[in-house]
Amino acid sequence: AAAAGACAGASSTQHCIVFKVLANPAPAAWTSFDADVDPYAGSGLAYLGRPLAFTVYASDGDCANVDGSPAIAPDPMPPGTSMAAQEVCSSCPSLLTFNLTSFLGRNSSTTRTCLTQRRAFRWDIPLTYGGFSAPLCFTATDTCGADPTCTSRAPTRVCVNVTVAKCRYAVREESSVAQVAALFGSDWIQVWNLNPWLDSPDRILFQHQVLDIGRMYTVGAGDTVLLVARRFGTTARSLAVLNYELGERNSTNLTLGQRICLTANPCFGAVQSEYDDAPQGDQVLDRWYAGVQAAYNALRLAQAARQPQSP
């Protein structure tokens, strides 16, 4: 009884713990674009013929691990894009570090594994998008729960800057030079001449090989789409197909120093430059006719030589 009386009213020293409740943090978002845009040459460019594919990731900053949160969604996209269904990426967790501070002077840190969501993105680039350059953006929207400040917060946005190489084509599947040329209204002779590494026009092209499909021309003073087309023996329609800014944006405006892609046709182009010292009349039709006539005569003679001689 005496011992019990001695303990009566005794207590330990009081210690207080202060809890600070933080607002729901915005989700984190990132992509694999830099590693995936051109894994073959590391050029940082997308190519006609080669689907652009990468993954968009998002992770909830408070590790709530709510199914489907943060929700990943694309902004308005060009034609030919698609995104796979969202899924949890079990092989790429996000580790958050928490620092705990005690008034007793004991500091500690711990980590917690947060689930990461992902969506695969793919763009089958239209053949008329050579020279396209713009950001493609995606949003990650958090599940807010009871946090009133979260519901009014803008989603996290992540953007990638995409530039599609102009005048170049990445072989989509095993093809011939003639098949690639036909995609752009050209012919095998032009494409073969543009790619000196091709030792034969009959060589089979393999997936991901990159070909030049035209020549780059720097716009000069006084150039218009029609004048450039006439000079190089091509058409305004061909220029529109090969240059995104002329075709998809439905523009005929050229600016000094602008770089455009074209396929020159020597049979129909101007005989000489307008800057030559002694300009002469445009004899392109006469020269073309003479060339065709000579080729026809050579073919007729060759066929006659193969005919069996009569006794």
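Both Phe33 and Phe54 are buried. In this predicted model, the two residues also form an aromatic pair: their ring centres are 5.4 Å apart and their planes meet at 85°, so the pair is edge-to-face. Phe33 belongs to helix H2 (residues 33-36) and Phe54 to strand E3 (residues 52-59), so the pair ties together parts that are 21 residues apart in sequence. Ring pairs also link Phe33 and Phe54 with Phe121 and Phe138 in a cluster.

**Aromatic pairs**

Over the whole structure, a search finds 13 aromatic pairs. A pair of this kind is described by the distance of the ring centres and the angle of the planes. One of the pairs has been given above; another is formed by Tyr169 and Phe184, whose centres are 5.6 Å apart and whose planes are at 75°, so this pair is edge-to-face as well. Planes over 60 degrees apart count as edge-to-face, and the angles of 85° for Phe33 and Phe54 and 75° for Tyr169 and Phe184 are assigned on that basis.

Tyr169 is part of strand E11 (residues 156-170), while Phe184 sits in the loop between helix H4 (177-183) and helix H5 (188-194), so the pair ties together parts that are 15 residues apart in sequence. Tyr169 has a relative accessibility of 5% and therefore counts as buried. Phe184, at 7% relative accessibility, counts as buried too.

| Ring pair | Centre distance | Plane angle | Class |
|---|---|---|---|
| Phe33 and Phe54 | 5.4 Å | 85° | edge-to-face |
| Tyr169 and Phe184 | 5.6 Å | 75° | edge-to-face |

Ser32 is located in the loop between strand E1 (28-31) and H2. Its relative accessibility is 15%, so Ser32 counts as buried; the cut-off for that class is under 20%. The side chain of Ser32 makes a polar contact of 2.6 Å with the side chain of Asp36. A polar atom of the Ser32 side chain also lies 2.9 Å from the backbone nitrogen of Thr55. With neighbours within four places in sequence left aside, Ser32 is in contact with Phe54, Thr55 and Tyr57. Phe54, one of these contacts, is the ring partner of Phe33 described above.

**Positive phi angles**

Most residues other than glycine have a negative phi. Which value does phi take at His208? It is near 80°, a positive value in a residue other than glycine. His208 is found in the loop between H5 and strand E12 (210-212), and the residue is partly exposed, with a relative accessible area of 24%.

Asn250 is not a glycine either, yet its phi is positive, at about 50°. The loop that holds Asn250 runs between helix H8 (244-247) and strand E14 (259-262). Is Asn250 buried or exposed? With a relative accessible area of 72%, Asn250 is exposed.

**The protein as a whole**

The secondary structure comprises 9 helices and 14 strands. Of the 311 residues in the protein, 32% are buried. The accessible surface amounts to about 19200 Å², and carbon and sulfur atoms account for 55% of that area. When contacts between residues at least 6 apart in sequence are considered, 69% of them join residues at least 24 apart.

Terms used: Residues numbered from 1 in each chain as written. Predicted model: local features only at pLDDT ≥ 70, side-chain atom pairs only at ≥ 80, totals over all residues. Heavy atoms only, no water. Phe/Tyr/Trp six-rings, centres within 6.5 Å; stacked < 30°, edge-to-face > 60°. Helix = DSSP H or I, 4+ residues; strand = E, 2+ residues; numbered from the N terminus. Buried < 20%, exposed > 50% of the residue type's maximum accessible area, 1.4 Å probe, protein only. Polar contact = N/O pair within 3.5 Å; in protein donor to acceptor, adjacent residues only side chain to side chain. Contact = heavy atoms within 4.5 Å. Areas by Shrake-Rupley, 256 points an atom, 1.4 Å probe, with all protein chains shown as cover.
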